[in-house]
Amino acid sequence: MSDQTYGFDTLQIHAGARPDPATGARQTPIYQTTAYVFRDADHAAALFNLQEVGFIYSRLTNPTVAVLQERIATLEGGVGAVCCSSGHAAQIMALFPLMAPGKNVVVSTRLYGGTVTQMTQTIKRFGWSAKFVDFDDLDAVRAALDDDTRAIFCESVANPGGYITDLDAIGKLAGEVGLPLIVDNTSATPYLCNPIKHGATLVVHSTTKFLTGNGTVTGGCVVDSGNFDWSASGKFPSLSDPEPAYHGLKFHETFGPLAFTFHGIAIGLRDLGMTLNPQAAHYTLMGIETLSLRMERHVANAQKIAAWLEKDDRVDYVTYAGLPSSPYYDRVGRICPKGAGSLFTFAVKGGYDACVKLIEALELFSHVANLGDTRSLIIHSASTTHRQLEENQQRAAGADPEVVRLSIGIEDADDLIADLDQALTKATA
Ligand SMILES: *Cc1c(COP(=O)(O)O)cnc(C)c1O
């Protein structure tokens, strides 16, 4: 079932799933199998030639993972999706068919910390590079593009929170220059934001976060909009030119709008092997069934807590795009009309030492390097993930010593406020 006329709440439960044909099982079974029996030799040959779609081996496809792929693709408004073992795997899988040695990707400076490291350090080993630009400066984005640029990459609601990318402006620019736009929609989820509607070619997710929603399994996903003409510019030979590993098959010519999806499975998962396992897919499917309900509460709690903190004398400032004081407040209605997510940072009076004391005094908030959990989480980046950096580097990365980042959960907002209140008293005493 992937009928786009159903509402979001219906699709988050039903899209991609049908009663199990063998047993009638209503919930999607965990197909805990590595391989699938071929009907006969011709069937096997057709599958291996990509002339027929089916299951061969779980590094490429698995029925439980396939349901998750169809579910996320439907919620994002894409034509297909490829699930991967983590969000970082999904980012490599998104870039892999587009890039080649010597090619570059133009990326926003406002990214998840792990993505900054992946883009500045690790992709160099493939001969790829990333150019970091302030995506609020469209002229700078345009100036960074060159003949070797193969993609533009940003986050919708950017980590560590408080910032929303103007996807309309970036999507328009990407369309004008004929380059694919890749949007990491992890922090917003398809409930709050649909990047494809704003011009994204591919949407990547860390399903580890809000989609699964309770901090149980890592996973990732690349959603294919089906909207990009991979043959027009000659810049994407992996998708437009004959593929030697499949007797000269051309993915774009053969699979049309599904070219990227088929390439992701038939080449990406086959040869890079960053496969999601069916157990993890099951947990993520369970999470997605309640996505809209959780996101509504995440947003309502974040809104209430951010407003409370902003009025508090012990707090210097709060960066939450859902507050009228935010410079990005006017983008909420346009880019993520159901709310600005549940990640934000705030500055504690008393600086670094007060932040450390605050974190130690909190009882309900967990001090962890994660986000998008049902429970509320906090991290002081300057004393943890960014502690090796100089202070000026910490500030450039948004990890100012006096700032903590919250990922607001779905507990009672009043209990969270009471916890912050008692901890702020201890931290600023
Ligand atoms: C966590 C995260 C990632 C990386 O995902 P993993 O599942 O941890 O590999 C990428 N982007 C954003 C915005 C994230 O929050």
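How many residue pairs are in polar contact between domain 1 and domain 2? In this predicted model, where local features need pLDDT of at least 70, side-chain atom pairs count only at pLDDT 80 or more, and totals for chains, interfaces and linings use all residues, the count is 9 residue pairs, both members at pLDDT 80 or more. A polar contact is a pair of N or O atoms within 3.5 Å; within protein, one atom must be able to donate a hydrogen and the other to accept it, and residues adjacent in sequence count only if both atoms are side-chain atoms. Residues are numbered from 1 along each chain as its sequence is written, and side-chain values use heavy atoms, with hydrogens and water left out.

The domain assignment gives domain 1 as 8-98 + 180-287 and domain 2 as 291-427, bounds that come from an automatic or database assignment. The C-alpha centres of the two domains lie 33 Å apart, and their contact (heavy atoms within 4.5 Å) takes 19 residues from domain 1 and 22 residues from domain 2. The area buried between them is about 1,700 Å², of which carbon and sulfur atoms give 60%; buried area is the accessible area (1.4 Å probe) that two parts lose on being put together, summed over both. On the side of domain 1, Tyr-191, Leu-192 and Phe-210 lose the most area to domain 2, together 44% of what that side buries.

Between domain 1 and domain 2 the count of salt bridges (a side-chain nitrogen of Lys or Arg within 4 Å of a carboxyl oxygen of Asp or Glu) is 0. Helices H1 (8-14) and H8 (189-192) each supply at least two residues of the side of domain 1 that touches domain 2, and H8 gives the largest share, 4 residues; helices (H or I, at least four residues) and strands (E, at least two) are DSSP runs numbered from the N terminus.

The whole structure contains 17 salt bridges. In one of these, the side chains of Arg-331 and Asp-136 meet at 2.9 Å, N to O, linking helix H14 (residues 329-335) to the loop between strand S3 (129-133) and helix H6 (138-144), across 195 residues.

Turning to the ligand, a nitrogen atom of the ligand is 2.7 Å from an N or O atom in the side chain of Asp-184. A polar side-chain atom of Lys-209 lies 2.8 Å from a ligand oxygen atom, and a backbone N or O atom of His-88 lies 2.9 Å from an oxygen atom of the ligand.
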